[in-house]
Amino acid sequence: MMKATKGVPAIAVVLAAVLCVASTVRGEDQLVRQLSNGFTAMHAAGATSPFEPLLYAPSGVFALGFLRVGSASLDLAVVHLPSSFPVWRATPASPGDWSRPATLTFDDGSLVLTDPDAGVLWRTLDTIGDTVALLNTSNLIVRRYDTSVPTWQSFDHPSDTLVVGQNFTVSSPPLISGNRRFAFRLGKTFMALQMEFYGGRSTPTYWKHTVLEAQPENATEPPVYGRLDSRGFFGLYLAGGGGGGGEQKVDTLSFDTFVQNLTGVVFRRMTMDDDGNLRAYYWTDGAKDWISDYKAIADRCELPTSCGAYGLCVPGAAAQCQCLLDSDTASTSPPCHAGEETADLCSGDGIQQVGFDVVWRTRVSVAYKEVLPSLETTNKTEAECEAACVGNCSCWGAVYNGASGYCYLIDFPVETMVYEADERKVGYFKVRRLPSMKRSRMSPGVIAATAVLSLVLVGLAVAGACSGYRLWERRRRKRAGMEQELVVEPGPYKDLKTMGSLTKP
């Protein structure tokens with residue numbers, strides 16, 4: 001099923017306005033299409049426009065420039081102008097500050113993005129070039145005058161997106177989602193989707209596709225590489241496998257539009273999205289939205305974080321989310337667990353475990369158990385499965401299938417589990433005990449003494465209040481008596497005079 005996804009309307013309007021104004025004032029033939037050594041461009045701190053184009057592709061469809069990411073971050077990016085989508089970013093892991101000035105220079109053959117305080121934010125490494133150009137394919141290249149082969153190109157350094165004609169190899173950096181939580185990687189004979197934990201130190205797999213015609217047992221066989229094709233598929237190839245230095249296609253992931261004859265100019269991309277799914281999209285002339293025609297994971301409950309940490313996804317036509325942490329203090333719907341885990345449960349010595357609570361649930365499983373580590377033998381008992389995890393500080397949970405005896409270990413922070421209507425499927429999960437959640441336990445004697453002391457304090461407070469009231473009442477009555485003694489009854493003037501004369505010496 002093909003699905004439309006909306007772009008960023010506000011950015012799209014601004015970008016369209018920028019392109020329109022530039023075309024009107026200078027004409028398309030006056031747009032900057034090449035940078036030479038000595039080039040310098042400044043980003044104005046806190047600029048109102050979300051994108052400041054510096055270099056255009058010949059077609060005018062793509063531009064390189066300063067991009068505002070979110071509300072306050074800055075990055076250097078190649079943007080698809082009709083949709084405002086960045087198909088490449090220079091430093092997504094550590095962007096700059098949009099509210100501060102930044103400088104892009106091309107000197108001595110290197111592109112360098114700098115911040116006056118932070119220094120170098122990003123640069124092209126080990127490059128020697130005379131010019132910088134942006135091709136109609138969206139590939140940003142640095143090259144010499146005397147050759148057409150680039151000395152550096154953005155196609156070798158993808159961020160979260162692949163485009164048509166861009167090779168994705170075993171040595172390529174992985175596609176990392178914009179939120180830095182998921183990755184798409186290519187192995188020698190497979191491709192996989194993985195979660196990113198502890199800053200990338202732990203990368204558990206939740207989706208894996210093995211190349212159909214590759215031979216994993218053949219150590220001399222060259223690795224596969226992938227490439228997005230304009231006809232609507234992602235092809236996997238063996239380098240030199242076709243003879244004569246050519247390539248041999250060994251697998252194909254077909255999109256919904258593979259058998260369709262799309263009219264007009266079509267631009268395709270494949271992106272690692274923030275929900276952990278790998279999707280393919282296409283854009284046609286005059287379009288308003290990207291159209292999705294492929295996704296690696298079809299069912300929402302099969303996505304690793306569809307209901308968040310310690311969430312429970314209930315499959316159905318409209319999947320529902322619940323929480324594993326079923327208690328008086330826990331939420332019954334996501335978010336079920338506050339905070340992101342940045343380390344395992346091991347203490348400083350790497351052996352002992354930090355404090356944790358335990359949750360047991362029946363009718364629970366994990367969607368990607370086939371790629372999880374499991375105990376070597378089957379016919380395990382529920383107790384044996386739990387015991388394999390309880391003393392292991394790198395284990396966060398275990399899922400047991402009573403029908404098969406399989407025990408699957410979760411050696412990463414617990415994310416979304418899947419509901420299955422089978423009492424024999426049981427889950428054991430550890431929950432880090434946060435400092436704010438710790439409660440001191442008092443003995444019954446201490447509790448009794450505390451209660452008695454509280455009663456005594458209350459009694460003293462009441463007695464003090466009563467004494468204070470009686471004292472106040474006595475003073476009030478005394479003041480009232482004095483006022484009565486000083487009252488002068490009405491009388492003749494002479495009486496007043498006589499009364500006053502008594503005070504004289």
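This report covers selected strands, cores and backbone angles in a predicted model.

Strand 25 spans residues 278-284. Six of its seven residues are buried. Strand 25 pairs with strand 24 (residues 266-272) through seven bridges, and the two run antiparallel. Five residues lie between strand 24 and strand 25 in their hairpin. In that turn, G276 has a positive phi of about 95°.

Strand 25 also pairs with strand 26 (residues 290-295), again antiparallel, over four bridges. Here A280 has Y294 in strand 26 as its bridge partner. The hairpin of strand 25 and strand 26 has five residues between the strands. G286 in this hairpin takes a positive phi near 80°.

**The sheet 17-18-19-20**

Four strands make an open sheet in the order 17-18-19-20, with antiparallel pairing. Strand 17 (175-176) and strand 20 (205-210) are the edges; each has a single partner strand, so one side of each lacks a neighbour in the sheet. Strand 18 (residues 182-186) and strand 19 (residues 190-195) are joined by five bridges. L186 stands opposite M191 in strand 19.

**Nonpolar cores**

The largest nonpolar core has 52 residues. F184, L193, Y206, F234, Y310, M417 and F429 touch the most other members. This core draws at least three residues from each of domain 2 (158-298) and domain 3 (305-338 + 353-432). A second, separate core has 36 residues, including L35, V142, F155 and V163. In soluble globular proteins, nonpolar side chains tend to be buried together.

What does F234 touch, not counting residues up to four places away in sequence? The contacts of F234 are L162, M191, G226, R227, L228, D251, T252, L253, F255 and M270.

Most residues other than glycine have a negative phi. S84 has a positive phi although it is not a glycine. D126 also has a positive phi and is a residue other than glycine. The table sets out both.

| Residue | Phi | Loop between | Relative accessibility |
|---|---|---|---|
| S84 | about 65° | strand 6 (73-80) and strand 7 (85-89) | 4% |

Terms used:
Residues are numbered from 1 along each chain as its sequence is written. This is a predicted model: local features need pLDDT of at least 70, side-chain atom pairs count only at pLDDT 80 or more; totals for chains, interfaces and linings use all residues. Side-chain values use heavy atoms; hydrogens and water are left out. Buried means under 20% relative accessible area, exposed over 50%, partly exposed in between (1.4 Å probe, protein chains only). Two strands pair if DSSP finds at least two bridges between them. A nonpolar core is a set of buried Ala, Val, Leu, Ile, Met, Phe, Trp, Tyr and Cys residues joined through side-chain atoms within 4.5 Å. Domain bounds come from an automatic or database domain assignment. Contact means heavy atoms within 4.5 Å.
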